[in-house]
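Here are my notes for you on this one. Have a look at the model first, then read along.

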Amino acid sequence: MTPRTPAVVGPHYKWVALSNTTLGVLIATMDASIVIISLPAIFRGIGLDPLAPGNIGYLLWMILGYLLVSAVLVVVLGRLGDMFGRVRIYNLGFLVFAFASVALSLDPFRAGAGALWLILWRVVQAFGGSMLTANSAAILTDAFPAGQRGTALGINQVTALAGQFLGLLAGGLLATVDWRAVFWVSVPISVGGTIWSYLSLRETAPGRRGRMDWPGNLTFAAGAGILLAAITYGIQPYGGDATGWGNPPVLAGLVGGCLLLLLFCFVETRVAEPMFHLALFRVRAFAAGNVAALLTAIARGGLQFMLIIWLQGIWLPLHGYDFEDTPLWAGLFMLPLTLGFLLAGPVSGHLSDRFGARLFSTTGLLLVTASFIGLLALPVDFAYGPFAALLLISGFGQGMFSAPNTSSIMGSVPPEYRGVASGMRSTFQNSGTALSIGVFFSLMISGLASSLPSALGDGLRAHGVPAAAAQHAASLPPVSTLFATFLGDNPVQHLLGPSGTLDRLPAAQQQALTGHTFFPELVSGPFHHGLTIVFGVAAAMALVSAVASALRGRHRLPEEGARRPAPLPGQTPAGPSLDEQGSR
């Protein structure tokens, strides 16, 4: 295999690399979430009711398609970066992302065809975004010396995480202008970023060409894709159950996906050049950092979605906001979370270069755990000051964790493995976000299923809804009501409007049922029960993440460098073992 000859760059190149890769991950992560909060405007724009029977699949794939592709492909694209050049794959990612952004903004169809156009081009956009996120950390690790690496990766990583929440805000603002504006905003940024990256970035790592691990690629993509798709469909009702975990295709997908991933692990120990270098998990800092990142991503995803439902379905209507306006205001009221990221990330990344990642990452996760416990203590109709303070603490803790953790992971591997290490890190993070939807939506639905039907039926009958209609509305799966809330629709209008029951009621009762207080007050008890389960599980995950972070080992001085991983069976020995790396 012929090694690549690294380009000679000037002393200021590292800042060019930082600014470009930060722009790349910002737009990629913003677009992962920008659609979530603007879905009501998008579906109105293409003339499709996503909550109608048979249409909920469009809704789920609009939310999860981007995340699934990112979770499955990012490690493959990191490996391709190691083989063919990180900058080359990164630049191509910007180009693909720009092309898909243009296509999304020009959707020529309506109804189901329009939704399919958006879903397919979102998948293409996610492919380009995965090229960006898979290689950005490796490009920065190549460009910056060890003493400045934590600062650079801190800025980059916190920008990526903040992008997830900025996407919610941007989606809410742009959706009020035009649903296509949600996609327009990506076009000039991605086109400009493409031109800039091709003109300014250089291959600065030696690297070497290798062989593509086709068995590993196929088993991983199939296993992860099937598993995450099964989890996606597991939150839909099946038969008389509130969720679909008993659905035979879902069970087959869960079992089949896990078996394929086990086969993937076996394959990776038998090929000469694996895409997923399992020997890296012998590095304590690498293994502990990725376990902590996975659990934190699951907890963070659950926080994001539960806050949206809490604000849009209960708190904002109780405070006089119309249901259709709640997506925008939910994004605004969650700004303290993003502010915490931005305050803590770069500073903790810089300090971790000197004092090590363990102190900052572990302390940050303890703050996240404390914030979840604090949210558990809040009433459903909370005062905004304490709520904002808890969001700020959570964001601050996540910023303290993310930047040093990324620096620790990337600094624990040799230069030639940084692309695949970056891809593996992003895979755990993206998979955690996708898993969080299935895990926490299922927990919330289970919590609602035990108490919502009776509370809803009694409340509807008390306002003059005929017993049969009230019973029918109360018997509908909670996921339908949950998604209506998530989309900023009035849930009672959704439950009673299609049958005409609402129109036959007296005007006073119609106004009471569809007003700002009926549904939020009715659902607050069942919702708080579900919220207690969700935030309790999230707090436990954050605490386990803190333990994993503390086990990463003591601070390793930057000048010690990284040694090569021990060879796997069938591989050529490459030097000293990494077994003890990160634990000294």
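The points below cover a helix pair and then a salt bridge.

1. Before anything else, keep in mind that this is a predicted model.

2. Start with helix 10 (residues 284-318) and helix 13 (residues 357-377), whose axes come within 12 Å. Their crossing angle is roughly 30°. Angles under 35 degrees count as roughly parallel, so helix 10 and helix 13 are roughly parallel to each other.

3. Which hand does the crossing have? Helix 10 goes past helix 13 in a left-handed crossing.

4. Now zoom in on who touches whom. Helix 10 brings Ala292, Thr296, Ala299, Leu303 and Trp310 to the contact, while helix 13 brings Leu365, Phe372 and Leu375. Sort the residues of this contact and you get seven nonpolar, one polar and no charged.

5. On to charges: how many salt bridges does the count come to? The count comes to one salt bridge. Its partners are the side chains of arginine 461 and aspartate 458, at 2.7 Å from N to O. The cut-off for this kind of pair is within 4 Å.

6. Where do these two sit along the chain? Both arginine 461 and aspartate 458 belong to helix 16 (residues 452-462). They are three residues apart there, so about one helical turn separates them.

7. Arginine 461 has a relative accessible area of 36%, so arginine 461 is partly exposed. Aspartate 458, at 46%, is partly exposed too.

Conventions
Residues are numbered from 1 along each chain as its sequence is written. This is a predicted model: local features need pLDDT of at least 70, side-chain atom pairs count only at pLDDT 80 or more; totals for chains, interfaces and linings use all residues. Side-chain values use heavy atoms; hydrogens and water are left out. Axes are lines fitted to C-alpha atoms, for helices over the stretch in contact, and angles run from 0 to 180 degrees between N-to-C directions. Helices (H or I, at least four residues) and strands (E, at least two) are DSSP runs, numbered from the N terminus. Angles under 35 degrees count as roughly parallel, over 145 as roughly antiparallel, 65 to 115 as roughly perpendicular and the rest as oblique. A crossing is left-handed if the near helix is turned anticlockwise from the far one by less than a right angle, and right-handed if clockwise. Contact means heavy atoms within 4.5 Å. Ala, Val, Leu, Ile, Met, Phe, Trp, Tyr, Cys and Pro count as nonpolar, Asp, Glu, Lys and Arg as charged, and the others, Gly among them, as polar. Buried means under 20% relative accessible area, exposed over 50%, partly exposed in between (1.4 Å probe, protein chains only).
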